[in-house]
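Dear colleague,

Please find the structure below, followed by some notes on what was found in it.

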Amino acid sequence: MHVLISAGPTREKIDPVRFISNRSSGRMGYALAAAAVRAGHRVTLVSGPVALPCPEGAKRISVESAAEMAAAIRGCADDADVIIMAAAVADYRPVVPESRKMKKQPGELVLKLERTEDILAALGQSKRPGQILVGFAAETDDLECNALDKLRRKNLDWIAANWVRDGFGTPDNALVVFHRGGERHVLENSPKEILAARLLRLILPD
C-alpha cells in the first residue's frame with residue numbers, strides 16, 4: 001500500500017528571521033513512517049522542519065509553510081491508500097510577511113493573521129472510496145469530545161488524540177484512538193517508536 005504521512009510543525013514567516021510555529025518535534029510522524037516501511041508499505045513522508053533523519057526506505061518531501069505542506073499533500077493524495085496527518089500545521093499566518101527584518105520600535109506590535117488552508121478537511125472532502133484517512137488531535141481539555149467532533153466534521157476514518165502535556169515534543173506519548181464506526185482504543189504511554197507500530201497495526205490490521 002502507499003502510505004502518505006505528514007510530520008512536524010510548519011513555520012509561517014513574519015519576516016526573514018522570525019516565524020510563527022509550534023513545539024512539534026515530528027517524532028510521531030517519523031516513527032509512523034519507519035513502522036510503515038518495516039511493514040512493507042511504500043511510504044511518502046511530507047515533513048516540516050525537524051532535526052530528524054528520514055527513515056530508510058521512505059521518500060521525504062521537505063516543506064516549511066502550511067501552504068507548502070498543502071501543495072505537497074495534494075500532489076500525493078490521489079495515489080495514496082492511507083493518509084496519516086500527524087503534522088502540527090499552523091492554523092494562522094501573517095497576512096503580509098515583511099520582506100526585510102523588522103526593527104524594534106517603541107510600543108506594541110500588532111500582527112494581522114489569516115487562516116491557513118485546512119488540509120485535513122480538504123482531504124476528507126475529496127477522499128475516495130476505500131481510502132483511509134487518519135487525523136491527530138492534541139488537546140488541552142475535553143479530549144474525547146473534541147476528538148470525536150473533529151472525526152465527524154472532517155470525515156475521518158480514525159483519529160488519534162492525546163493531551164498536549166503528555167506528548168507534544170516529547171519522546172513518548174499515550175493515545176486514545178477513535179474509529180468512525182464507534183470503536184475506542186487506549187494506547188498506553190510508550191516510546192513513540194512502539195506507539196507508532198501499535199497505531200499502525202490498529203489502522204491497518206493484517
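Asp142 is placed in the loop between β9 (132-139) and α4 (143-153), where helices (H or I, at least four residues) and strands (E, at least two) are DSSP runs, numbered from the N terminus. This is a predicted model, in which local features need pLDDT of at least 70 and side-chain atom pairs count only at pLDDT 80 or more, while totals for chains, interfaces and linings use all residues. Residues are numbered from 1 along each chain as its sequence is written, and side-chain values use heavy atoms, with hydrogens and water left out.

Asp142 has a phi near 45°, a positive value in a residue other than glycine. Asn155, in the loop between α4 and β10 (158-163), also is not a glycine and has a positive phi of about 55°. Most residues other than glycine have a negative phi.

Helix α1 (residues 27-38) packs against helix α6 (residues 192-203) at an angle of about 55°, with their axes 8 Å apart; axes are lines fitted to C-alpha atoms, for helices over the stretch in contact, and angles run from 0 to 180 degrees between N-to-C directions. Contact here means heavy atoms within 4.5 Å, and among the residues of α1 that meet α6 are Met28, Ala31 and Leu32.

Finally, the charged end of Arg115 sits over the ring of Tyr92, 5.7 Å from its centre (the cut-offs are NZ of Lys or CZ of Arg within 6 Å of the ring centre and within 35 degrees of the ring normal).
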